[in-house]
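Here is a short tour of a two-chain model, taken piece by piece. Have the viewer open while you read.

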Amino acid sequence: MSTETATETLDVKGQNCPMPVIKTKGAFDGLAAGDVLEIVSTDSGSMSDIKGWAESTEGAELVDQEEATEDGTAVYKHYVRKAE
Amino acid sequence: MSADTPPSSDGELSPDDVADLRAQIEALESEVSDLRSEVDEGSADKMVIIATKGTLDMAYPPLILASTAAAFGYDVTVFHTFWGLEILHEENSKDLGLSSVGNPNMPVPNAIAALPGMDRMTARMMRNRIEDNDVASVEELIETSLASGVDLQACQMTIDLLGYDEDDFYDGVTTGVGAASAFQDMADADIQLLV
């Protein structure tokens, strides 16, 4: 999964718990069926938080999660698909 | 065959008995299906938090849990009472206090922590840390919670007790509620927390 396959990107860099999950929920609600939301976060806790959120949310499928480094900062990327 | 409907003496069911049982089964089936649809349509999962503390550190747990639960699709009510009201008080919420006195986790001995001005300093240090760690402010969490549909309630009895006015609270805060409505919400909720 990469940035190119995502339909929309949510940038929550510089925001800590619980904001990444809350903003993910907000952006997810606005998606059309089949869309993939990319969430870019600097919060390491978002790895388990967004996974847990997707598991408990009907219609949300966690496609991928990856850790990268951008400008020397750890960045966590999540890809969530809205079910058809 | 249940014990209170003994079979006829020869152990056979008469056609009337069978018709009777059929009718009973049909009645039960329709009752079950009614109950099932009631449960299915039934309200979403629900959480109620009673927030009783108004220090800077204690403002966070209820607001973080409330907004997170809303993101999980829960109906959330936070009932603020006593010092928990400070969190919803638009002016006071921006300046919530924190004391080192009696808190053994703070790196200041009680004798020093008790000096005038120390509480303000402790609160300021904590506020700076919150900002440095990209943690949302109390105000942001309140706005986020309200925007996520969380029902933030201010206990009417404590509003009167502490001499506040309903207009002192953030727009969107529910006033005019008491213990009975909080209890009712708690009875219906899947999760109830006292903070």
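## Around Lys13(A)

Setting aside neighbours within four places in sequence, Lys13(A) makes contact with Val40(A), Ser41(A) and Thr42(A). Keep in mind that we're looking at a predicted model here. On chain A, Lys13(A) sits in the loop that runs between strand S1 (8-12) and helix H1 (19-29).

For a sense of distance, take Asp71(A), which is 58 residues away from Lys13(A) along the chain: their C-alpha atoms are 13 Å apart.

## The annotated stretch of chain A

The UniProt record, an unreviewed entry, puts the feature "domain: UPF0033" at residues 10-34 of chain A.

## Where the chains meet

## The nonpolar core

The largest nonpolar core has 48 residues, and the members touching the most others are Ile49(B), Ala66(B), Val76(B) and Val78(B). Helix H2 of chain B (residues 56-71) is the top contributor to this core, giving 8 residues.

Val76(B) is a handy one to click on. Beyond its neighbours within four places in sequence, Val76(B) is in contact with Met47(B), Ala66(B), Ala69(B), Ala70(B), Val150(B) and Asp151(B).

Why call strand S3 of chain B (residues 151-155) largely enclosed? Because 4 of its 5 residues are buried, the rest of the structure largely encloses S3(B).

S3(B) pairs with strand S2 of chain B (residues 75-80) through 4 bridges, and the two run parallel. Within that pairing, Phe79(B) has Gln153(B) of S3(B) as its bridge partner. S3(B) is also joined, by 2 bridges and again in parallel, to strand S4 of chain B (residues 174-177). Gln153(B) turns up here too, standing opposite Thr174(B) in S4(B). To get from S3(B) to S4(B), the chain passes through helix H7 of chain B (residues 156-161), and this β-α-β crossover is right-handed.

Note on methods: Residues are numbered from 1 along each chain as its sequence is written. Chains are lettered from A and ligands numbered from 1 in the order in which they are written. This is a predicted model: local features need pLDDT of at least 70, side-chain atom pairs count only at pLDDT 80 or more; totals for chains, interfaces and linings use all residues. A nonpolar core is a set of buried Ala, Val, Leu, Ile, Met, Phe, Trp, Tyr and Cys residues joined through C-beta atoms within 7 Å. A residue is buried if 20 or more other C-beta atoms lie within 10 Å of its own, exposed if 12 or fewer, and partly exposed in between; C-beta atoms are placed from the backbone. Two residues are in contact if their C-beta atoms, placed from the backbone, lie within 7 Å. UniProt positions are given in the numbering used here, feature names are shortened, and annotations may be inferred rather than shown by experiment. Two strands pair if DSSP finds at least two bridges between them. A crossover is right-handed if, with the strands pointing away from the viewer, the path from the first strand over the helix to the second runs clockwise.
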